[in-house]
Amino acid sequence: MASVLQRSFSLLIYLTIIQVCLGSSNSAELVKLDLYYESLCPYSANFIINKLPIIFTNGIRDIVDLRLFPWGNAKLASNDSFTCQHGPDECLLNTVEACAIDALPALDRMLFIECVETLVYKGKYTQWETCFKKLSIDPEGFDDCYKGEEGKKLELKYAALTSALKPPHEYVPWVVVDGKPLYENYEEFITYICKAYKGPLPSACKEQSFASVRREKTNHVHHVCYAEQTTKMSFLIKIWSFMTSWMV
């Protein structure tokens, strides 16, 4: 006769199988939400700090697979070195954020990147290391990553993934939902997520549908950093960042 432990174990396996079967019937594949960006583009910063975080409070985060690609409009050289649209500081912060994505849990990495991009938006990005203390994140290991070969490898990975985009990205922020770029409608990303998801929709999807209808009645200008942005435009962005730092 089977022991009590054996019977209990068999019952546990049976209940687990039932739970898995029931769960799979109600499950739906997560919607892929990909953000291709560069750290010092003010429009990328604006999206990260003012648009993207809402998914963590309205239930949308539960139905998406969020992925960040900190490369943007950077350029690769033949020796695997790279230059960034807004200069060496952007290359540094792209790499720092790549290291954060690699090392930190999902919520912590998002909070850290949001903290860094908030400083970018305020024109205080040189103070990015204060985000470790602010968020109680141990900076140990980050130095080795963003200053060394590991950080470079991560950026080369994001370079390859960005280069493989079809169609190619034209600017940043470049938002892609389930493999389809949203182009100028990138701020309406929640509407596209709700349309793509095959399972029970969170209440935020119904609210978003009404909000998007209202927004369609007004002209909304989307600002982006183009891949072929001129030196003059880059200079104007630096002036904008400087002026913003004085207004805060």
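Predicted model: local features only at pLDDT ≥ 70, side-chain atom pairs only at ≥ 80, totals over all residues.
Close-up 1. Residues are numbered from 1 along each chain as its sequence is written, and side-chain values use heavy atoms, with hydrogens and water left out. Glu150 is found in helix 7; helices (H or I, at least four residues) and strands (E, at least two) are DSSP runs numbered from the N terminus. Leaving aside residues up to four places away in sequence, Glu150 touches Asp102 and Cys145, where contact means heavy atoms within 4.5 Å. Thr95 is 55 residues from Glu150 in sequence, yet their C-alpha atoms are 9.4 Å apart in space.

**Close-up 2. Helix 7 against the sheet.** Helix 7 (residues 149–163) lies across strand 1 and strand 2, and runs at about 110° to strand 2. Axes are lines fitted to C-alpha atoms, for helices over the stretch in contact, and angles run from 0 to 180 degrees between N-to-C directions. The open sheet has 4 strands in the order 2-1-6-7, with mixed pairing; two strands pair if DSSP finds at least two bridges between them. Strand 2 (64–70) and strand 7 are the edge strands, each pairing on one side only.

**Close-up 3. Strand 6 and its two neighbours.** Strand 6 (residues 174–177) is covered on both faces, with Trp174 and Val176 buried on one side and Val175 and Val177 buried on the other. In a regular strand the side chains alternate between the two faces of the sheet. Strand 1 (residues 31–37) runs antiparallel to strand 6 and is joined to it by 4 bridges, with Leu33 opposite Val177. Strand 7 (residues 180–181) is also antiparallel to strand 6, through 2 bridges. Here Val176 stands opposite Pro181, and Val177 has Lys180 as its bridge partner. Follow the chain from strand 6 to strand 7 and you trace a hairpin with 2 residues between the strands; Asp178 in the turn has a positive phi of about 50°.

**Close-up 4. Leu33 in the nonpolar core.** The largest nonpolar core has 63 residues, and Leu33, Leu52, Ile60, Phe112 and Phe189 have the most contacts inside it. Such a core is a set of buried Ala, Val, Leu, Ile, Met, Phe, Trp, Tyr and Cys residues joined through side-chain atoms within 4.5 Å. Beyond residues up to four places away in sequence, Leu33 touches, among others, Leu52, Ile55, Val175, Phe189 and Ile193.

**Close-up 5. Helix 4 from end to end.** Helix 4 (residues 106–121) has 16 residues and should span 22 Å at 1.5 Å a residue, which agrees with its end C-alpha atoms being 22 Å apart. The expected span is 1.5 Å times one less than the number of residues. Its buried residues include Met110, Phe112, Ile113, Val116 and Glu117. After helix 4 comes Gly123, with a positive phi near 75°.

Notes. Buried < 20%, exposed > 50% of the residue type's maximum accessible area, 1.4 Å probe, protein only.
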